[in-house]
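Let's take a quick walk through this structure. Have a look at it first, and then we'll start with its charged side chains.

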Amino acid sequence: MNIVSRLFQSTLGKKYIMAVTGFLLFGFVLVHLLGNLQLFSGAEAINRYAELLRAEPALLWAARVGLLVIVILHIVTAIQLVLRNRAARPQKYAGGKDPVGASVTSRTAAISGTVILAFIIFHLLHYTLGVINPDYLSYHDAQGRHDVFRMVVHGFSNPFIAGFYLVSMALQLGATFVARSF
């Protein structure tokens, strides 16, 4: 049996996969945040940054496909670990006490992961695919570039959408701080 198949079959290997894919996803979020901070430099900066991303469609689509593979691998591996864990101990612990050594983060990972997944899907539907507001895809600035600045300003002018983004970010920040405190 080769090392790759052992990695995918063993519990420890699956935990390594979770760690590596989680790290890569965290790295993507940081890079995405740094790019989106261009908003604070004004319309020219963020629209120029968006044009730079769209100028290389092969690179952009390779990144998107790679990110999708990482997300799917992370989710599938998480589900496999949960199922394997439940199969190893089909009965709950006597007394209903919390398992010793299990952090709040590990016990709430499914909830925080689901919130993140819902946020990602909404975010893609909202800004990338234009499903929430199809007019966003027709916004262009004076140079003919996609007007990301106008799209974001318009999107966040809706209090429900702004509230959803704020609550989602607060939940994720809260989960991060709770994870660090235990």
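Glu44, Arg48, Asp141 and Arg145 are tied together in a network of salt bridges (a side-chain nitrogen of Lys or Arg within 4 Å of a carboxyl oxygen of Asp or Glu). Keep in mind that this is a predicted model, where local features need pLDDT of at least 70, side-chain atom pairs count only at pLDDT 80 or more, and totals for chains, interfaces and linings use all residues. Numbering runs from 1 along each chain as its sequence is written, and side-chain values use heavy atoms, leaving out hydrogens and water.

Searching the whole structure turns up 3 salt bridges. Here they are:

| Pair | N to O distance |
|---|---|
| Glu44 and Arg48 | 3.4 Å |
| Arg145 and Glu44 | 2.7 Å |
| Asp141 and Arg145 | 2.9 Å |

Glu44 and Arg48 share helix α3, sitting 4 residues apart, about one turn of the helix. Helices here are DSSP runs (H or I, at least four residues), numbered from the N terminus. Glu44 is partly exposed, at 39% relative accessible area, while Asp141 and Arg145 are both buried. Buried means under 20% relative accessible area, exposed over 50%, and partly exposed in between, using a 1.4 Å probe and protein chains only.

Now for helix α2, residues 11-36. Its buried residues include Gly13, Ile17 and Met18, and the buried residues of α2 pack against α1 (3-9), α3 and α4 (57-88). Contact here means heavy atoms within 4.5 Å. Elsewhere, Tyr127 touches Tyr136, Met151 and Tyr165, among others.

Conventions
Helices (H or I, at least four residues) and strands (E, at least two) are DSSP runs, numbered from the N terminus. The expected span of a helix is 1.5 Å times one less than its number of residues. Lists of a residue's contacts leave out its neighbours within four places in sequence.
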